[in-house]
Amino acid sequence: MIWILLALLVFIFQIGTILILEFRRPSKTVAWLLILFIFPIVGFIMYYFLAQEYRHRKTVRKRNVVAEEMRLQALRRCKMVHRPAELGTGEFSHQERLFRLLSGMSTSPITGCNQTEVLTNGEATYASILEAIEGANHHVHVEYYTIRNDRIGNKLKDALIRKAKQGVEVRVIYDGVGSYELHGSYVRELREAGIHTQCFLAPRLALFDKRINYRDHRKIVVVDGRIGFVGGINIGDEYLGGNPKLGFWRDTHVRIEGDAVYFLQDVFLKDWWFTAKERLSDPAYLPEHNCAGNEQVQIISSGPDSLADAILECVFAAVSVAKRRIWITTPYFIPDASILMALRTAALSGVDVRLIIPYVADSNLVLRASLSYVEDLLAVGVRIYRYRKGFVHAKVLIIDDMLASVGTANMDMRSFFSNFELNALLFSQKAIKRLEGDFLDDLSVCEELSLSVFERRPRKAKAGEVLARMLSPLL
């Protein structure tokens, strides 16, 4: 009898701990309680190692202080946009509130001297990145969630080694989980050529330091502090259609030249300090440059080290003010309650809300969780499409003709709360129209979901979606 009582007390203690520590996020609480009920002891051990709050750590606070000094240097060198009217679109001139939020919520301002190029799919992206690297004179900074030791991975490696031998500074950050298959020989070749490499939170160390759940999902390339790249494409042959299960890989990246590159660099330098504990302060990392163009760009970074959830707040604010359209492409659709309500409200208000998600997925559990939101959204008029040509991995948001977002963050809670992410907000009509054209092209190879048909899916599928949705805050 006493053993039953002790087991009950331990179980109550575990439940109480989760309720107290996770009270700010009820959906996350439910997910952990479900795991605890299924695996009473193992579930709590998982919680202990995976769910510790990140942002209050002393090292994180120091990281933010270092980042502020870098940011101030970047601010002195860029041309900032101070009023909505300067954005050059009539729609934004009436969005003073959104403009104030964007100007004040991020460590990066809206910058005015930029030239951008939207890069559709892996082939165009890799060609542009390799070309920029070949032209490097001072430094190349590379940061990826996934780097693979395959054909395109070796092309990148050879290009970086070639530049390092020419005297160019080369630094590479790769995520410990996303690049867990990366061979030690690959990294060793880079280091032997004089390239500085760092692994972001190596799995074994991160597990015991209770940080394994926080991943560097960013994809950054900065060349000479003048040219930058950000988007959804990692380094791997699957982005060129090399995965037989997923087939054609649909993705979006963006090349930036101009002021916004300062803030891509700022993010990289901050992440380098975090991984290498080396502060890079050479003014050559933030060089003076001529105004590359008149496009406006803002770099939005977020992560568990930030006090605010910048990307989530940006998406919510933009969706909330949309008047005509909200077009979203995302491989993983697991929105938090605020985004879900904003999309429902917009659709009920007559806004054209469209969502493209995969038909073929790289994670069936995540796909089931995404499908659990479909019926409710279809019922209020959201139009939902499943991409049939291959696997869609692009992370794109288009709001009216006012702004578009391209970056690394999926429309899911992991990207909003747990991962280190990076998006570029584009305000020029040129960029928005290009993304609009890509979206319409994608619709031509999509299957639109019908509410009446979707409601008749098998009970087994519905049950799987319910379970996946309960676990979705942790996916």
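Modeller: This is a predicted model. In it, His-393 sits in the loop between β14 (390-392) and β15 (396-399).

Biologist: Why is His-393 called buried?

Modeller: Buried means under 20% relative accessible area. His-393 has a relative accessible area of 5%, so the residue counts as buried.

Biologist: Which residues does His-393 touch, leaving out those up to four places away in sequence?

Modeller: Gly-232, Tyr-239, Trp-249, Arg-250, Asp-251, Pro-331 and Tyr-332. Each of them counts as touching because it has heavy atoms within 4.5 Å of His-393.

Biologist: What does the UniProt record place at His-393?

Modeller: The unreviewed UniProt entry gives the feature "active site" at His-393, together with His-217, Lys-219, Asp-224, Lys-395 and Asp-400. Of these residues, Lys-395 is included in the lining of the largest cavity. The same record has the annotation "domain: PLD phosphodiesterase" for residues 212-239 and 388-415.

Biologist: Now the helices. What makes α5 and α11 roughly antiparallel?

Modeller: Helix α5 covers residues 96-105 and helix α11 residues 310-321, and they pack at an angle of about 170° with their axes 10 Å apart. Angles over 145 degrees count as roughly antiparallel. The angle of about 170° is over that cut-off, and therefore the two helices are given this label.

Biologist: Which residues make the contact between α5 and α11?

Modeller: From α5 they are Leu-98, Leu-101, Leu-102 and Met-105. From α11 they are Ala-310, Glu-313, Cys-314, Ala-317, Ala-318 and Val-321. By class, the contact of α5 with α11 has 9 nonpolar residues, no polar ones and 1 charged.

Biologist: Phe-316 is also in helix α11. Why is Phe-316 called partly exposed?

Modeller: Partly exposed is the range between the 20% cut-off for buried and the 50% cut-off for exposed. Phe-316 has a relative accessible area of 36%, which lies in between, so partly exposed is the label.

Biologist: What does Phe-316 touch, again not counting residues up to four places away in sequence?

Modeller: Phe-316 touches Ser-338, Ile-339 and Ala-342. Phe-316 and Ile-339 are 23 residues apart in sequence, and their C-alpha atoms are 5.7 Å apart in space.

Biologist: What is noted about the backbone of Asn-121?

Modeller: Asn-121 is not a glycine, yet has a positive phi of about 75°. Asn-121 is found in helix α6 (residues 121-134). Its relative accessibility is 16%, under the 20% cut-off, and so Asn-121 counts as buried.

Biologist: Where is Leu-201, and how do you know that Leu-201 is buried?

Modeller: Leu-201 is in the loop between β4 (196-200) and α9 (203-208). Its relative accessible area is 9%, under the 20% cut-off, and therefore Leu-201 is buried. Leu-201 is not a glycine either, and has a positive phi of about 50°.

Biologist: How many helices and strands does the protein chain have, and what share of its residues is buried?

Modeller: The protein chain has 18 helices and 19 strands. Of its 475 residues, 59% are buried. Among contacts in the chain with a separation of 6 or more, 82% are between residues 24 or more positions apart.

How values were computed: Residues are numbered from 1 along each chain as its sequence is written. This is a predicted model: local features need pLDDT of at least 70, side-chain atom pairs count only at pLDDT 80 or more; totals for chains, interfaces and linings use all residues. Side-chain values use heavy atoms; hydrogens and water are left out. Axes are lines fitted to C-alpha atoms, for helices over the stretch in contact, and angles run from 0 to 180 degrees between N-to-C directions. Helices (H or I, at least four residues) and strands (E, at least two) are DSSP runs, numbered from the N terminus. Angles under 35 degrees count as roughly parallel, over 145 as roughly antiparallel, 65 to 115 as roughly perpendicular and the rest as oblique. Ala, Val, Leu, Ile, Met, Phe, Trp, Tyr, Cys and Pro count as nonpolar, Asp, Glu, Lys and Arg as charged, and the others, Gly among them, as polar. UniProt positions are given in the numbering used here, feature names are shortened, and annotations may be inferred rather than shown by experiment. On a 1 Å grid over the protein atoms alone, a cavity is a set of points where a 1.4 Å probe fits but cannot get out, and a pocket is an open set with protein on both sides within 12 Å along at least five of seven lines; lining residues have an atom within 4 Å of a point. Buried means under 20% relative accessible area, exposed over 50%, partly exposed in between (1.4 Å probe, protein chains only).
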